[in-house]
Amino acid sequence: MIQSSETTLAPAPVEVQKGWGGQSVKRKEDKRLLQGEGVFVDDVKRHGMGYLHFVRSPYAHAHITRVDVSAAEAIDGVYGTLTGEEVAALTDPFFQISSVPGANIKDFSLAVGKVRYVGEPVVAVVAETRELARDASELVEVDYEPLAAVVDARVAQDSDTPVLHDDAGGNLMWSGLYSWGDLDAAFAEADRVVKIPELHFHRFNSTPLECDGALVEYNRGVSQWTIHTNNQFPGFAAIMMGPAMKVGLDKLRFVTQDIGGGFGNKITSHPQLVVCCLLARKLNRPVQWTEWRTDFHLSMSHGNERWFRDTEVAVKDDGTLLGFRTKALDDAGAWLRYEPLGGVIWAQVTPGMYRWKHIELEFTQVATNKAPVSPNRGYSRMQHLWFTERVIDIVARELDLDPVEVRKRNYVRAEDMPYTTPNGCVYDSGDYAAMLDLALGLVGYDSMEARRADAKERGKLLGVGIGSTLDSGTNNFGQSRLINPELQFSGNNEVATVKLDIFGEIVVTLGTTPQGQGHETTAAQVVADILNCSVDDVHVRAGHDSYWNSHAGFSGTYASQFAVTGLSAVKGATEMLAAEIKKLAGAVFGGVPAEALELADGGVRIKESPDAFLPFMACGAIINANNAGLPEDLDVTLNCRYVYRPPFEVPDVETKMGNLTLTYACQVHVAVVEVDPETGAYEIVDYAAVDDCGKRINPQIVEGQVMGATAQAIGAAVHETYEYDEDGNLLTPNFYDYHVPHALDMPPLATGAIESPSPFTPLGTKGMGEGGGAGIHAVCAAIQDATGQIVTDSHNPYQRVWRLLQEAKA
Amino acid sequence: MDVTVTVNGTTYERDVEPRKLLIHFLRDDLDLTGSHVGCDTGNCGACSVIVDGVLVKSCMLLAVQANGASIETVEGLAEGDELTPLQLAFNEHHALQCGYCTPGMLMSATALLRENPSPSEDEIAKALQGNICRCTGYWNIVEAVKSVAK
């Protein structure tokens, strides 16, 4: 059941589009996907290819004392193997983002000498069939000397805890102190200091339905690999792989078409891709790797598990928030594959949606014997926003105030926009209080007390909870310098090319790697508006190919940015093309200035005499195939490449101040739950999700992203968790044990939208799609409201709620 | 072992390893890559096909067990370029994002609508509970199926 409502705020001073932009144009991608004609990575086949299977560690922590692949290699149909020893000889360790001590770890694409989590790849086997590769893997002999495992980040730095990486001298990977404002003054001014001993954000990820994979071909003649893959950030994979493999990036060609979901989880497959590359070269045949579901759960991209400890909040009696200090402890798992960037990414949303002025956060990241963490939808901000939201509801409870009123009293106000946060980020636009009112209205908040009474009569405890979050988008990669001042990254970029081909075809090439976000459709909408043609006339190439010259260092699809970086690149390239078409037509018409021309009806014409018309087909044909006699100085190619570069400065590494992201989409979710007091089982009986991502190019696609993020948040809040036993065995290694929501699990949903155009982006858009995990908090807060007990964990399965109820009785 | 199956009206004869799953037979041997693999435990439904009129997860069946069967997959739904009303409804209601679960969803919904042309919202959700989608939250999928119910 879905219900929608929309509100548009007074427009900010940006150009508001007309025409295709803003319409729910039906997706161009759908036809092939609905007919089973998409091309996902496992659909790519090559003659003579071998199937790769990884032999994985059964231990969380152990020395490898012997590896023997001879029995596996002796099997007919087994093409070959790769061991950690070979990897160490052929490659350098991956470049580390971290400063010391994390910088000192030696990370290779297969385990070398030691395994550090259950499921870590130890040996790769390639064979004629999937089944044979799997069977032969069983014949690989590996001897282990097991070591004690560390599975609780809170004891990782204790003196008697085993150390994962001797090179780092301990399990501390990175730490940093962030302090802004005047904490002493804030606590001196406070009427109350609310103390929260410990909050825990649990480990889960988005489990895209398609697992990771690749088909890698090696062209021996030119020493180049073609990597067909579903990696969602080829720019990052390339800079990790090239130096490790000791080759230039021109030797690594990345190709994707359709990707079966990503959610950040497909950013860090570079170790597996290196293994595929080495084997494709070693065996001189294409190598195909498709990860099994259990392998994904065991080894890929868990979301950051985080504790917030010793939190103190300075508040006034009326609920005015002055400041907070806390210690964030982050569990990185066994390797730093994208980490410790999580140690700064949270700072994009330092005060959450609130006007806190004084904030101190001590961030510590440690290694444990669990799968490496990597970006997961809402990466690192979700954890922090869940924390700020928890603080609000706990403060409200301690002060006996209404959580709605505490939020409204402290939200950044519409009139404060653009709002500079204590650490120098700039929230571009939004009206959080209006969003909250809209969301509360959608669940019938005014009649909630009557519903509470009704639920009570039926023996149920009703609770209402709010989650208000930000989806910060378009990273300033300069924030990486707050982690490691030696890094030479900053800013951001994305590329598009738009060209007119010989027969007038409008062809668009993107640098992005969409996984269902509808880039082919929204890009066509932007192009069609500028060229004044139909979206049906615009052909957007599906997928990504680094041969196309439409990629830059930060190309990819991640971190809520396409509507800004991708579409701004498309806009820039299309405007260049439009200008070139007019220049060409002006010359053909005998020196007519551009101002006198307009694009319309699939061509260009003189405004005052529309009969003087040159169709795009003629333009394409003249430049590409019939160009004799054109003026020598006519600088027109009709093949335009534009790199969009957002306006950023490098953050200050001393004060840790700077604008870390360009846009701030926002979400306010409200959940209504009914809890069975006997069992702790609960049902979400009403749910509202209100989103503001500025100007929406395609409202239906935006709403689809909101729905998806909502479903994932509900799944995480109620069901999904990567839990380990004390020996480091993952207890939820497949979809039996790791329950993701099914159609029957979904509550009735009401969606609402507000449009506060961003004043900082060419189209007034904001990146969106990750959501901020608002639903995770909304469910927590609703359970707190229903049970009267403070909720300290982001994951609340029925048994945890039952325990809360027992605590309440006691 | 020799296996003969008819898929979307075309008959195929192949020598198949006895342990090969039907989904891998369809994808790897017959190049019908529309049906997908999303798990290894029979939970996700991305590989759903219709075998002799019965909806099955093709990862839960060996290829040899399908010997002599008539199989329908996503590739056989449309008549050439003419999408079925259900496929059109998925497009209309934005019932797919990445499209990876979509073939299985379409086959489950097709089987449901044949058996029960007028399902309620609850009946639709129940019929789709064996199919996991991680992109949409299911709301638009249920709406799409509901829109073509009689």
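How many residue pairs are in polar contact across the interface of domain 1 of chain A and domain 2 of chain A? The rule finds one such pair, with both residues at pLDDT 80 or more. A polar contact is a pair of N or O atoms within 3.5 Å; within protein, one must be able to donate a hydrogen and the other to accept it, and residues adjacent in sequence count only if both atoms are side-chain atoms.

Before I continue, some conventions. This is a predicted model, in which local features need pLDDT of at least 70 and side-chain atom pairs count only at pLDDT 80 or more, while totals for chains, interfaces and linings use all residues. Residues are numbered from 1 along each chain as its sequence is written, chains are lettered from A and ligands numbered from 1 in the order in which they are written, and side-chain values use heavy atoms, with hydrogens and water left out.

I begin with chain A. Its domain assignment, where bounds come from an automatic or database assignment, gives domain 1 (2-14 + 379-476 + 659-809), domain 2 (41-147 + 211-259 + 267-299) and domain 3 (493-644). The centres of domain 1 of chain A and domain 2 of chain A, taken over C-alpha atoms, are separated by 38 Å. Eleven residues from domain 1 of chain A and eight residues from domain 2 of chain A take part in the contact, where contact means heavy atoms within 4.5 Å.

These two domains of chain A bury about 690 Å² between them, with 59% of it on carbon and sulfur atoms. Buried area is the accessible area (1.4 Å probe) that two parts lose on being put together, summed over both. On the side of domain 1 of chain A, the residues that lose the most area to domain 2 of chain A are A:Tyr722, A:Pro733 and A:Phe735, together 49% of what that side buries. Between domain 1 of chain A and domain 2 of chain A there are zero salt bridges; a salt bridge is a side-chain nitrogen of Lys or Arg within 4 Å of a carboxyl oxygen of Asp or Glu.

Elsewhere in chain A, the side chains of A:Arg66 and A:Asp143 do form a salt bridge (2.9 Å, N to O). A:Arg66 belongs to strand S3 (residues 62-68) of chain A and A:Asp143 to strand S7 (residues 141-146) of chain A, so the pair ties together parts that are 77 residues apart in sequence. Helices (H or I, at least four residues) and strands (E, at least two) are DSSP runs, numbered from the N terminus. Over all chains, the count comes to 62 salt bridges.

I now turn to chain B, which has five helices and five strands. From the N terminus on, the elements of chain B follow the order β-β-α-β-β-β-α-α-α-α. The radius of gyration of chain B is 15 Å, close to the 15 Å that the globule rule gives for 150 residues, so chain B is as compact as a globular protein of that length. That radius is taken over C-alpha atoms, and the globule rule is 2.2 Å times the number of residues to the power 0.38. Along the principal axes, the C-alpha atoms of chain B fill a box of roughly 45 × 30 × 25 Å.

Chain B is assigned domain 1 (2-74) and domain 2 (85-148), whose C-alpha centres lie 21 Å apart. In this pair, 16 residues of domain 1 of chain B are in contact with 14 residues of domain 2 of chain B. The area buried between them is about 1200 Å², and carbon and sulfur atoms give 60% of it. One salt bridge is counted between these domains of chain B. B:Arg114 forms a salt bridge with B:Glu72, with the closest N and O atoms 2.6 Å apart.

Finally, how do the two chains meet? The contact takes 54 residues from chain B and 54 residues from chain A. Together they bury about 4800 Å², 56% of it on carbon and sulfur atoms. B:His94, B:Arg134 and B:Trp139 supply 20% of the area that chain B buries against chain A, more than any other three residues. Eight salt bridges are counted between chain B and chain A. B:Arg19 and A:Asp135 meet through their side chains in a salt bridge (2.4 Å, N to O).
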